[in-house]
Amino acid sequence: MRHKVAMLGVVFPSQFEGAEFLTRVKDKAPARVQRDLPTWLGKLAGHEIAVGVIGMGPPHCASRVDAFIGYYQPKMLILAGFAGALDPALKRGEVIINRGEGSIHTASDVIATAEDKARLLRETGSPLVDMESAHVAAIAEKRGIPLIVIRGVSDLADEAVPVDILCHSYDQQRGVTTPAKLGLHLATHWGDIGRLMRFLKPLSKVRRSLTSIVISEALRLNTAEAG
């Protein structure tokens, strides 16, 4: 089944990354295009917009964004979310807009240590790393629609990501969040609570910066198309 949408699609890897943006979308009507692919159709500043949560990384983000595009038929697509800094010059909360320049490296797993980030910077020259951009770009190209990637820096080049904790919050193979599993882990590993909270604390501010740029870009695209 297809639902024709007027203009723009915006997708996020996780509900958390897209939560603040969704509060700015008015008259939202939810639609579950396929299992584990929540989407909404609404309006941003009077323009029709479709929003989806496609999951973090492979293997599911590509198939879900393909289903999203097939259902809503957007003329343009924005992929927005967090990314890890590889370049030590990048600051937390900085927002990078990629319009096809290839400045973001896509990894199959979280790049967790400062050493691995430095190695990847040397190998790729990319200032940022995420887990979705290349996969979504391949689908957008196949579908023949322009893609803009917008990423907010969540962790610095010299910081470690607590993947030993975060792995309990997401099932990569199924592409779904697992909050009960994370809760059980924290209930039996109290020492991890502080580490997790220190990692998560700055992310709300990063999300705020990301949301502001995504809204500005979405309005720019809608205005340009309408003109």
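In which strand does L41 lie? L41 lies in strand β3, residues 37–44; helices (H or I, at least four residues) and strands (E, at least two) are DSSP runs, numbered from the N terminus. The model is predicted, so local features need pLDDT of at least 70 and side-chain atom pairs count only at pLDDT 80 or more, while totals for chains, interfaces and linings use all residues. Residues are numbered from 1 along each chain as its sequence is written, and side-chain values use heavy atoms, with hydrogens and water left out.

L41 is buried, with a relative accessible area of 12%. Buried means under 20% relative accessible area, exposed over 50%, and partly exposed in between, for a 1.4 Å probe and protein chains only. L41 and T178 are separated by 137 residues in sequence, and their C-alpha atoms are 26 Å apart in space.

Helix α1 covers residues 15–24, and its buried residues are E17, G18, F21 and L22. Seen down the axis of α1, these buried residues fall within an arc of 120°, so they line one face of the helix. The arc is that of the directions from the helix axis to the C-beta atoms. An α-helix has 3.6 residues a turn, so residues three or four places apart point the same way.

Helix α4, residues 133–143, can be read in the same manner. Its buried residues are S133, V136, I139 and A140. They cover an arc of only 135° around the axis, which puts them on the same side of α4. On the other side of α4, E141 and K142 are exposed. The partners of the buried residues of α4 are α2 (60–72), β5 (76–85), β7 (104–106), β8 (128–130) and β9 (147–155). After α4 comes G144, which has a positive phi near 75°.

One of these partners, α2, packs with α4 at an angle of about 35°, the axes being 9 Å apart. Axes are lines fitted to C-alpha atoms, for helices over the stretch in contact, and angles run from 0 to 180 degrees between N-to-C directions. The crossing of α2 past α4 is right-handed; a crossing is left-handed if the near helix is turned anticlockwise from the far one by less than a right angle, and right-handed if clockwise. On the α2 side the contact is made by C61, A62, V65, D66, I69 and G70, and on the α4 side by H135, V136, I139, K142 and R143. Contact means heavy atoms within 4.5 Å. The residues of this contact of α2 with α4 divide into six nonpolar, two polar and three charged. Here Ala, Val, Leu, Ile, Met, Phe, Trp, Tyr, Cys and Pro count as nonpolar, Asp, Glu, Lys and Arg as charged, and the others, Gly among them, as polar.

E132 sits in the loop between β8 and α4. E132 is buried, with a relative accessible area of 4%. Not counting residues up to four places away in sequence, E132 touches P13, G55, M56, G57, C61, L79, T106 and R151. E132 and L182 are 50 residues apart in sequence and 23 Å apart in space, C-alpha to C-alpha.

The axes of α6 (residues 179–188) and α7 (residues 191–200) come within 6 Å and cross at roughly 125°. The two helices are therefore oblique to each other: angles under 35 degrees count as roughly parallel, over 145 as roughly antiparallel, 65 to 115 as roughly perpendicular and the rest as oblique. L182, H185 and L186 of α6 meet D192, I193 and L196 of α7 in this contact. The residues of the contact of α6 with α7 divide into four nonpolar, one polar and one charged.

The backbone also deserves a look. Most residues other than glycine have a negative phi, and most peptide bonds are trans. The peptide bond from P58 to P59 is cis, with omega near 10°, and P59 is found in the loop between β4 (47–53) and α2. D27 is not a glycine, yet has a positive phi of about 55°. D27 is found in strand β2, residues 26–34, and is exposed, with a relative accessible area of 64%. Q73, also not a glycine, has a positive phi of about 55°. Q73 is in the loop between α2 and β5 and is partly exposed, with a relative accessible area of 24%.
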